[in-house]
Amino acid sequence: MGNHLRSVLMGFWVMLVVMGVGTEGAVSVSSMKKIARVNKEGPYLGIVVPNSYEMDPLLQSPSFVADDKFPYLDFAGRRFRIGKLETKNVIIVMTGLSMLNAGLATQLLLSLFKVNGVLHYGIAGNANPNLQIGDVTVPKYWAHTGLWNWQRYGDGPDDELAFESSGDYTRKIGYLKFSDYNNHTKNGNSSDNLLNNVWYQPEEVFPVTGTPEVRQHAFWVPVDKHFYQVARKLKDLKLEGCVNSTCLPRAPMVTRVERGVSANVFVDNGAYREFLYSKFNATPVDMESAAVALVCLQQKTPFIAIRALSDLAGGGSALSNEASVFSSLAAQNSVDALVRFIALLYS
């Protein structure tokens, strides 16, 4: 949202409240004054983080300094923390678990404040057998893989999906065939499964530069090109590799990867992990990043996500207790990568 448009909207909201129109609305005069006060010091980098155990290492970092006069603003159930990170103005918001929470928090951040870029970070499951726990990934593209058209039993890949002809659904992205994962599947031969197929669907998006109520579609959402180029410089960053006396086989690294995926599903299943990697070339698997990406796409705001791998989704690695042991290490590594990225962004 442009600065001029945001100022007009804020002025309009204040006018309505002062005139007595919408006094039962969600935005009070007090809140609007606080938001205006924060924006006077902008613009900011918006930092979006899923959970407290991922946010706490950032708040405890010596690189973060909370604003001494206005350290936070609470609005609509969210706490927006204001301060400086690597001497740059930032607003940090914790989303909570899931795509819905991540999308809502990101939209509030961009609607209320002068934000010129969004950095999302946290931990994720790993679908890429070439990487290990503790590695930090920076995907070039993100997709929401939880929007499906579940095909009726008896229909197959050559059969049109319900409402496909009206443009609501598509077969262009691909599908998951449940019978491929029957327990007695052997040598690539499988019997029928009543669950049949689910076809992956793109999201409907309504960009601020588009025509209202005229939908566009997006599946793979790219991160900002400049941000992605800056992320290349993270490859030599030294990361933590041990939790107490338990150490990883090699030192973790930061690596740019092609794709990451998100859905309202905690993936702890090896078969589905392998499907996501073989079908989509996905590395990090989480529950928020694609929502942040889709909101930033619609709001035309530069975006990137940094996700540290905390476990091999579904298990099967040589490391024991994976996430329960290494989630704190992964969270710290994601914070270290974020802080270094901001320093590089303005160097």
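**Close-up 1. Tyrosine 175 and its bridge partner in β10.** In this predicted model, tyrosine 175 has tryptophan 199 of β10 as its bridge partner.

**Close-up 2. The open sheet built from β8, β10 and β9.** Here we step back to the whole sheet, which has three strands in the order β8-β10-β9. Their pairing is antiparallel, and the sheet is open. Which strands form its edges? They are β8, residues 148-150, and β9, residues 175-177, each of which pairs on one side only. On average, neighbouring strands are turned by 20 degrees against each other, with direction ignored.

**Close-up 3. Helix α6 packed on the sheet.** Now bring α6, residues 270-280, into the picture: this helix packs on the sheet and touches β8, β9 and β10. The direction of α6 makes about 140 degrees with that of β9.

**Close-up 4. Helices α4 and α7 crossing.** This view turns to a pair of helices, α4 with residues 99-112 and α7 with residues 289-299. Their axes come within 8 Å and cross at roughly 35 degrees, and the crossing is right-handed.

**Close-up 5. The residues where α4 meets α7.** Which residues of α4 take part in this meeting? They are Met99, Ala102, Gly103, Thr106, Gln107 and Leu110. On the α7 side, you can pick out Ala290, Ala291, Val292, Val295, Cys296 and Gln299. Sorted by class, the contact has eight nonpolar and four polar residues, and no charged ones.

Note on methods
Residues are numbered from 1 along each chain as its sequence is written. This is a predicted model: local features need pLDDT of at least 70, side-chain atom pairs count only at pLDDT 80 or more; totals for chains, interfaces and linings use all residues. Side-chain values use heavy atoms; hydrogens and water are left out. Two strands pair if DSSP finds at least two bridges between them. Helices (H or I, at least four residues) and strands (E, at least two) are DSSP runs, numbered from the N terminus. Axes are lines fitted to C-alpha atoms, for helices over the stretch in contact, and angles run from 0 to 180 degrees between N-to-C directions. Contact means heavy atoms within 4.5 Å. A crossing is left-handed if the near helix is turned anticlockwise from the far one by less than a right angle, and right-handed if clockwise. Ala, Val, Leu, Ile, Met, Phe, Trp, Tyr, Cys and Pro count as nonpolar, Asp, Glu, Lys and Arg as charged, and the others, Gly among them, as polar.
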